[in-house]
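Student: I am new to this structure. Please take one part and look at it closely with me.

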Amino acid sequence: MERSCYRVVFEKGGVYLHTSARKHQDADSLIAGVIRVVEKDNDVLLHWAPVEEAGDCTQILFSKKDSSGGDPCTSEEEPTFDPGYEPDWAVISTVRPRLHHSEPARGTEPSSPRAQWAFSVSLGELKSIRRSKPGLSWAYLVLVTQAGGSLPALHFHRGGTRALLRVLSRYLLLASSPQDSRLYLVFPHDSSALSNSFHHLQLFDQDSSNVVSRFLQDPYSTTFSSFSRVTNFFRGALQPHPEGASSPDLRPPPDDEPGFEVISCVELGPRPAVERAPPVTEEEWARHVGPEGRLQQVPELKNRIFSGGLSPSLRREAWKFLLGYLSWEGSAEEHKAHLRKKTDEYFRMKLQWKSVSPEQERRNSLLHGYRSLIERDVSRTDRTNKFYEGPENPGLGLLNDILLTYCMYHFDLGYVQGMSDLLSPILYVIQNEVDAFWCFCGFMDLVHGNFEESQETMKRQLGQLLLLLKVLDQPLCDFLDSQDSGSLCFCFRWLLIWFKREFPFPDILRLWEVLWTRLPGPNLHLLVACAILDMERDTLMLSGFGSNEILKHINELTMKLSVEDVLTRAEALYWQLTACPELPHNVQEVLGLAPPAEPPSPSPPVSPLPLSPTRAPSTPPPAAAAAAAAPQPDSSLEILPEEGDGPDS
């Protein structure tokens, strides 16, 4: 079909916009339209316009650059809405068009409010294109522009994504991302421009530091530079895999493409109501102390701590048990002997760095580096807290000494930025150098993987968090994915230092003592993250945030969250998941309901397996029974590798 000013080189009907964030779609939230690639003068445009359900072709709007008249087009008729499919499986986009809104040709008036959703964009303005995963209902494409905005996700109800990509590849070079085979980076068909782009981005070089620098130039992304070695996480995520790295060329897929595929969907039951209990008091704790000072009914006591936390006056004693410094089964005399032994061990390690002369330290760059980094971090850790305020505060000296002694205790790990955030509340509560050191060691036994240079533990936890979120709220995951936030990197700081900077100081004490019980499962901190995202779901999805706005909004939640509300919701999410009769096995692993299926691989991916129901978990036990039967933390939990992308549906 040709006119004097343009030529339509591709046309496909049955391309819908999904405009509702609700889990159950209705007919009004689905807008049928036609996607076209149009050559006009010296430009090539990608154009989408809505059509009426009856298929009135006169309502198809062309690019706003086309002001000429012309005969009505011919187009394939669109089907009316069919409520027979399962809306829960649909991929949702709530972002309204932000770029060029199409305007009708002269003399044409839009027949319905749906015409405002029409848009047109020059192919030269595209930055990247993301394809949907196979098996996510109708296939969709998300187009991101050079300005950073996203066009509404295009859902191909009758297939056609491959055909459109093949046409676009005539005008553009679509380079597969080495980390994400569903993401295509868009470059012009110009060898010098392409060479300059790759040289600038360093996407496929071994050294990707320039890419990291580009991340840090964003004002909101600077939160990730607060801790050393965080850049390694981004660098590792962007480097190609050593084996089987994706080719930068777009590989032509098979021609056969089904328009719709029904996949298995996890149906969660209603979320149960959960009520938090009052904190454990000194009197209640004393009732659990039996003959010889041994604690009795420990599972029940742990469950009470999980349900209500501890009263402030009890924390100094109870935290020593929660962090493994003192044994739950030990007697009072055994505890005294243990404290004497640990005191001697601590001061022997402290003497190791104390006895190093300035001349020796000049020849020990590692120790000198640790000392400099610790001094800088300690000087700005919780300085608004009265325990640490003032220039000559003795608490700062204790923080410094404990962290340097930890370098002697754990030579391989040493000191990494962020550790001072974990030590500060412990020293504040314990107020004893030796006891605080060993309690800190107990905490680091739980989270030391967060600070390892490989960042494999952090990658695995982000993958597990994404897996849980997919089961709990697939539409939210789809929205985040459409905004290039599907990797959940904005949750990195949450997991790295266990929400230390997200809650007020007193609330962190309550949160950590609950998490240290390891109830009702080993990864409650992931459900805490899910709870926060669940609380912010409507704000994120209905505000049309892009990736920068999402990161900014998450950062602005700092000190605005209620720890009791978050813990209540996190526990409710746990019981909602465990009540599901067809909970996928990899989700059961994360929740501690099933052992890992196989040993961990050296490079667990961030993206989890598609959900696949397996045997049902046992009926969730009552709270007290859950405490008795709760599994211990298993550092070998991992997400199985993602299956390769097959034909999109």
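In which handedness of crossing does helix 11 pass helix 12?

Tutor: Helix 11 passes helix 12 in a right-handed crossing. This is a predicted model, and the description below is of that model.

Start with the two helices. Helix 11 covers residues 394–409, and helix 12 covers residues 419–430. Their axes come within 10 Å. They cross at roughly 125°. Angles over 145 degrees count as roughly antiparallel, and 65 to 115 as roughly perpendicular. Helix 11 and helix 12 are therefore oblique to each other.

Now the residues that touch. Helix 11 brings G395, L398, L399, I402, L403 and Y406 to the contact. Helix 12 brings M419, S420, L423, S424 and L427.

One of these names leads further in. M419 is also a member of the largest nonpolar core, which holds 121 residues. Within that core, M419, I426, F451, L511 and V528 touch the most other members. The largest share of the core comes from helix 13, residues 433–447, with 10 residues.

Take V528 as an example of a core member. Leaving aside residues up to four places away in sequence, V528 touches F499, L511, L515, V566, L567 and A570. L511 is itself among the members that touch the most others. There is also a second, separate core of 29 residues. V121, L143, L154 and L165 are among its members.

Next, the cysteines. The structure holds zero disulfides. A disulfide is a covalent bond between the sulfur atoms of two cysteines. Here a pair counts when the sulfurs are within 2.5 Å. Look at C441. Its closest cysteine sulfur is in C439, 9.2 Å away, so the gap is too far for a bond. C441 is buried, with a relative accessible area of 3%. C477 has its closest cysteine sulfur in C530, at 8.5 Å, again too far for a bond. C477 counts as buried too, because its relative accessibility is 4% and the cut-off for buried is under 20%.

Last, a proline. P299 sits in helix 6, residues 298–308. Its relative accessibility is 35%, so P299 counts as partly exposed. P299 and T517 are 218 residues apart in sequence. In space, their C-alpha atoms are 9.7 Å apart.

Technical notes:
Residues numbered from 1 in each chain as written. Predicted model: local features only at pLDDT ≥ 70, side-chain atom pairs only at ≥ 80, totals over all residues. Heavy atoms only, no water. Core = buried A, V, L, I, M, F, W, Y, C linked by side-chain atoms within 4.5 Å. Buried < 20%, exposed > 50% of the residue type's maximum accessible area, 1.4 Å probe, protein only. Helix = DSSP H or I, 4+ residues; strand = E, 2+ residues; numbered from the N terminus. Contact = heavy atoms within 4.5 Å. Axes fitted to C-alpha atoms, helices over the stretch in contact; angles between N-to-C directions. Parallel < 35°, antiparallel > 145°, perpendicular 65-115°, else oblique. Left-handed = near helix turned anticlockwise from the far one by under 90°.
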